[in-house]
Amino acid sequence: MTELGPGDTLPHGGNWTSAAALAGDDATLDAFLAWDDAQVLRDYGTRARPDVIASFGLHRYTWPAFLLITAPWFLLRRVPRLPVTHVSYDRTAGRMALRPASFACLPGDPAAALPTARVVPDEEALRAEVRAATAEHAEPLLAAFGPRMRRRGRALWGMVTDEVVEGLWYVAHLLGEEERARRELELLLPGATKPYAGAAAFRELTGPDGEALPTRDRVSCCMFYTVRPEDTCATCPRTCDKERVTRISATATAVAAS
């Protein structure tokens, strides 16, 4: 991730795609989704439906893009505003370039004196900033991807909810802060925060040795089952609790062995 200064130009051309072009230019979106179409055919030997490809493409952009907002909130208690005009993405190298428009922070933050800072009174106000910043970035993308995905309204915003929750949950796991992330995300998305659909929806299952196994119930389906019916996500609405326990336990065993 590269943070640009106020006068810097977002990279474009080559492998770079601006979020604004994804949201506003059909040819750019066509080219972006062609990458997903080719990847599915190469890796799985089959072609996915166009609406499934569009779902994959949106996921593969929003998963890292939303972390540009949620990770600084989680780690620094700072929430950048990043409209689509301020972000570019190079998916081939896993790079993003951004130019924050401003950021919100709490009183007492050393960065509060910066000219682009907006001080909010408390943690709930800062959570509202996370929701607003993410929705601002997501809305034009949903307008572009939604018709191709054959989804609208609640289904699209349910997907946004899932990307926000599962992206930060994953990163927090890498940082050894998974439990705190679950608490924070339950406060961020309790289930009645429009336009978001659904909640963080964490719960615990019991493992074979009586251990607690954290999981959650996704609001949306990523549609990967249409490519490989036998392979669903551990948090997919299609995956029963018995199968979840088996998968989560196997992952935990593999991690411990490594």
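User: Let's start with the rings. How many aromatic pairs are there?
Analyst: The count comes to seven aromatic pairs. Keep in mind that this is a predicted model. One of the pairs is Phe-56 with Phe-224. Their ring centres are 6.2 Å apart, with 40° between the planes, so the pair counts as tilted.

User: Where do Phe-56 and Phe-224 sit in the chain?
Analyst: Phe-56 is in helix 3, which covers residues 50-76. Phe-224 is in the loop between strand 9 and helix 7.

User: Phe-56 first: buried or exposed?
Analyst: Phe-56 is buried, because its relative accessible area is 7% and the cut-off is under 20%.

User: And Phe-224, buried or exposed?
Analyst: Phe-224 is buried too, with a relative accessible area of 16%.

User: Give me another pair. What about Tyr-61 and Tyr-89?
Analyst: Tyr-61 and Tyr-89 form an edge-to-face pair. The centres are 5.6 Å apart, and the planes make an angle of 65°. This pair links distant parts of the chain as well. Tyr-61 is in helix 3, and Tyr-89 is in strand 4, residues 87-90. They are 28 residues apart.

User: How accessible is Tyr-61?
Analyst: Tyr-61 has 0% relative accessibility, so it counts as buried. Tyr-89 is buried at 9%.

User: Which residues form a cluster through ring pairs?
Analyst: Phe-32, Tyr-61 and Tyr-89 are linked into a cluster.

User: What lies over the face of Phe-32?
Analyst: Arg-91 does, at 4.2 Å from the ring centre. Phe-74 has a charge over its ring as well: the charged end of Arg-180 sits 3.7 Å from the centre.

User: New topic. How many helices and strands does the chain have?
Analyst: The chain has seven helices and nine strands. Four strands make an open sheet in the order 1-5-4-2, with mixed pairing. The edge strands are strand 1 (2-3) and strand 2 (16-18), and each pairs on one side only.

User: What holds strands of a sheet together in general?
Analyst: Strands pair through backbone hydrogen bonds, either parallel or antiparallel.

User: Strand 1 and strand 5: parallel or antiparallel?
Analyst: They pair in the parallel sense, over two bridges. Strand 5 covers residues 95-98. Thr-2 stands opposite Ala-97 in strand 5.

User: Let's look at Pro-80. Where is it?
Analyst: Pro-80 lies in strand 3, residues 78-81. Pro-80 is buried, at 9% relative accessible area.

User: What does Pro-80 touch?
Analyst: Leaving out residues up to four places away in sequence, Pro-80 touches Leu-68, Ile-69, Pro-72, Pro-100, Ser-102, Phe-103 and Ala-133. Take Phe-103: it is 23 residues along the chain from Pro-80, yet their C-alpha atoms are separated by 4.0 Å.

User: Why flag that?
Analyst: Most peptide bonds are trans, and most residues other than glycine have a negative phi.

User: What about the phi of Ala-201?
Analyst: Phi of Ala-201 is near 60°, a positive value in a residue other than glycine. Ala-201 is in the loop between helix 6 and strand 8. Ala-201 counts as partly exposed, because its relative accessibility is 28%.

User: And Met-223: what is its phi, and where is it found?
Analyst: Phi of Met-223 is positive too, near 75°. Met-223 is in the loop between strand 9 (212-216) and helix 7 (241-257). At 14% relative accessibility, Met-223 counts as buried.

User: Zoom out. What is the radius of gyration of the chain?
Analyst: The chain has 19 Å. A compact globule with 258 residues would have a value near 18 Å, so the two agree. The C-alpha trace spans about 55 × 45 × 40 Å along its principal axes.

User: How much of the chain is buried?
Analyst: Of the 258 residues, 48% count as buried. The accessible surface comes to about 12,500 Å², and 55% of that belongs to carbon and sulfur atoms.

User: Last one. What share of contacts is between residues 24 or more positions apart?
Analyst: Among contacts with a separation of 6 or more, they account for 61%.

Key
Residues are numbered from 1 along each chain as its sequence is written. This is a predicted model: local features need pLDDT of at least 70, side-chain atom pairs count only at pLDDT 80 or more; totals for chains, interfaces and linings use all residues. Side-chain values use heavy atoms; hydrogens and water are left out. Two strands pair if DSSP finds at least two bridges between them. Buried means under 20% relative accessible area, exposed over 50%, partly exposed in between (1.4 Å probe, protein chains only). Rings of Phe, Tyr and Trp (its six-membered ring) pair if their centres lie within 6.5 Å; planes under 30 degrees apart count as stacked, over 60 as edge-to-face and the rest as tilted. A charge sits over a ring if NZ of Lys or CZ of Arg is within 6 Å of the ring centre and within 35 degrees of the ring normal. The radius of gyration is taken over C-alpha atoms; the globule rule is 2.2 Å times the number of residues to the power 0.38. Contact means heavy atoms within 4.5 Å. Accessible areas come from the Shrake-Rupley method with a 1.4 Å probe; for residues, only the protein chains shown count as cover.
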